[in-house]
Amino acid sequence: MSSSLPYSVKDVHYDNAKFRQRSYLKVMTQNLLTGSRKRYCLSCSTGKFLVLLLIFGLAYLFLTSTPVHVPNQVAKVSESNEKGEFKINGGINFKNLWRRAPRLPPRLPPDEKGSNTSYHIDPNMLVSESLWFSRQQKVKDAFVHAWSGYKRYAMGNDELMPLSQTGTDGLGGLGATIVDALDTAMIMGASDIVSEAGSWVEKHLLDRIKEKGQVNLFETTIRVLGGLLSAYHLRAGEYGKNFENEGPKPAVYLETAKNLADRLLSAFTSSRTSIPLSDVVLQNFSAYAAPGGLSSTSEVSTLQLEFNYLSTVSGDPKYSVAAMKVLEHMKSLPKVEGLVPIYISPDTGDFIGETIRLGSRGDSYYEYLLKVWIQKGMRENNNFTYLHDMYEEAMKGVKHLLVRKSVPNGLVFVGELPYGSNAAFSPKMDHLVCFLPGTLALGATKGMSRDEAMRKSLLSFDDLENLKLAEDLAKTCFEMYEVTSTGLAPEIAYFHTEEYSEQGLGGGNKKSKYIDDIIIKSLDRHNLLRPETVESLFVLHRITGNPKYRAWGWQIFEAFERHTKVSSGGYTSLDDVTSIPPRRRDKMETFFLGETLKYLYLLFGDSSAIPLDQYVFNSEAHPLPIEGNTPMK
């Protein structure tokens, strides 16, 4: 790790409340009762007399002393004390004399004090909950606007082309936007959309699955299978009470999911190894490798949450067995400090090449190591502990090999190793990498708030270090938005380091402090309405409670509204975020409804909605319940 990084061994020495405070009286009494002096003193009558004298003397001092400050509510004897406790005027409560000394509250490590806490917050960020509720409603309005364009011009197609006012099928023709948006509509309480989307699924999706041709295993699993399973769970639980008359019964979603998964299983059964093939022909249950014969590491390792949950609710283990064999096999493969290449061969089962990155083709491998372990209940010494071990090893590798600081202003970023760990480092960071702050925070506290985890002494040094890195990276991800003229992030950014620099490739916002730190090349300036940054802001706000993450999220949402909204309905991707007005791309990705707007809505809402200690989000933001937890109330 670079010596300039803000993580040091001195943090190990902070106290994480591993001991209990003891009073002076307790210390003296314990020494008298357990020490060698006890045997000496009590062996003679004089010693016994002195011990009794000492005890009575201490009691007298306690009863007659007057504290420096006594709260008004205990300074007098209460005439109406229902419990009958006798209180002396000086504030002594006999019951309190025998109370166990309280446990010390956990303390933040040195670098956490005075930074990123609720005690040092810009007052402008402290807005009322009622205002956040109104902002949440604006996100819902945006979702309705996006759906209206899709419904009007592309209903049944995978995606909307809002400028051309037509639809396109780039994901196999399964109506991906409909299924991706369904649970978002349920969470937002958009009953009309729940009815329209659910009715389409009931009437058309099963026929589409039986008739359609080739689809990508990964994309179909996270978007369509994940969307169906999340809709099934929400519709069958407390959320479903709001939609009893909208859309089909929960069983429709489950049966459709099973039919789809049975066909997707051919990617596993057609492979010679535990690594599935990349593409499936749904109509005839056949599967094929991608051109070149390789599969993406992230794609084959981002199927397990969905297949595991399907096995749980269907009672058929075949789905989970097939998917989990992938991770079990990967456990045995050689790695570089827990990091893995971005390609794997379904023919040999081996990693191919040396390229290591947390962007495309690598990202969700690391995400699912943690989330599958969480889904399985996070129990120690169970059959899934190896996943958490792999995750922790990988995060240490990330910090050692991939984390750097930019110059001149020190933004913390995650780069790449295009030719392996023994070759040159690249200061390139995809927007996709902005999933990492949320994953690091989730891994640190396991979904509970930081305050609760600190009170329970559950945070190790590594957890605190990862949480700090999460907050630093989230700032970097936000500055990738702030540095551009439109306030929207590019697809890829490079960072100015001591070894790497390019001039004239800034984001366009000359007011940004980091205009000289972030480099945006001409081919990387597009924005696809991606969710990764707002996903991490949502998770970090839930875990830290810091209102700055809401403020940042609102700023991003406003930029989407200004530059990507299409008046006739829908939102569009952009070609260049560094110029105003930005050139438009004419595409509304399904994940804008399935992820981006969902995370923004949850960011601005109450933390009781889809709690992180009861749910785990798949890579397409479809919430699935953690095993052993009851349905959401």
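Let's start with D363 and its contacts. Leaving aside residues up to four places away in sequence, D363 touches S298, L358, L432 and F435. Keep in mind that this is a predicted model. D363 sits in helix α14, which covers residues 363-375. Is D363 buried or exposed? Its relative accessibility is 14%, so D363 counts as buried; the cut-off is under 20%.

Why pick this residue? The UniProt record, an unreviewed entry, places the feature "active site" at E219, D363, E491 and E532. Of these residues, E219, D363 and E532 are included in the lining of the second largest pocket.

Now E491. It is found in the loop between α18 and β12. E491 is buried too, with a relative accessible area of 11%. Which residues does E491 touch? Again without residues up to four places away in sequence, the contacts are D430, H431, D524, H526, L528 and R530.

Three strands form an open sheet, ordered β11-β12-β13, with antiparallel pairing. At the edges stand β11 (428-430) and β13 (518-519). Each has a single partner strand, so one side of each is left without a neighbour in the sheet. Helix α18, residues 461-482, packs on this sheet. The helix touches β11, β12 and β13, and its direction makes about 110° with that of β12. How many bridges join β11 to β12? Three, and the two strands run antiparallel. Strand β12 spans residues 492-495. Within β12, A493 is the bridge partner of M429.

On to the aromatics. The structure holds 17 aromatic pairs. One of them is Y365 with Y366. That pair is edge-to-face, at 4.8 Å centre to centre and 80° between the planes. Y365 is buried, at a relative accessible area of 1%. Y366 is buried as well, also at 1%.

Next pair: Y599 and F617. Their ring centres are 5.5 Å apart and the planes stand at 50°, so this pair is tilted. What does the pair tie together? Y599 lies in helix α21 (residues 590-603) and F617 in strand β14 (residues 615-617), so the pair ties together parts that are 18 residues apart in sequence. Y599 is buried, with a relative accessible area of 1%. F617 also counts as buried, at 4% relative accessibility.

Last item, a cluster. Ring pairs link W132, W554, F557 and F604.

Methods
Residues numbered from 1 in each chain as written. Predicted model: local features only at pLDDT ≥ 70, side-chain atom pairs only at ≥ 80, totals over all residues. Heavy atoms only, no water. Pairing = 2+ DSSP bridges. Helix = DSSP H or I, 4+ residues; strand = E, 2+ residues; numbered from the N terminus. Contact = heavy atoms within 4.5 Å. Axes fitted to C-alpha atoms, helices over the stretch in contact; angles between N-to-C directions. UniProt positions renumbered as here; feature names shortened; annotations may be inferred. 1 Å grid on protein atoms, 1.4 Å probe; cavity = no way out; pocket = protein on both sides within 12 Å on 5 of 7 lines; lining within 4 Å. Buried < 20%, exposed > 50% of the residue type's maximum accessible area, 1.4 Å probe, protein only. Phe/Tyr/Trp six-rings, centres within 6.5 Å; stacked < 30°, edge-to-face > 60°.
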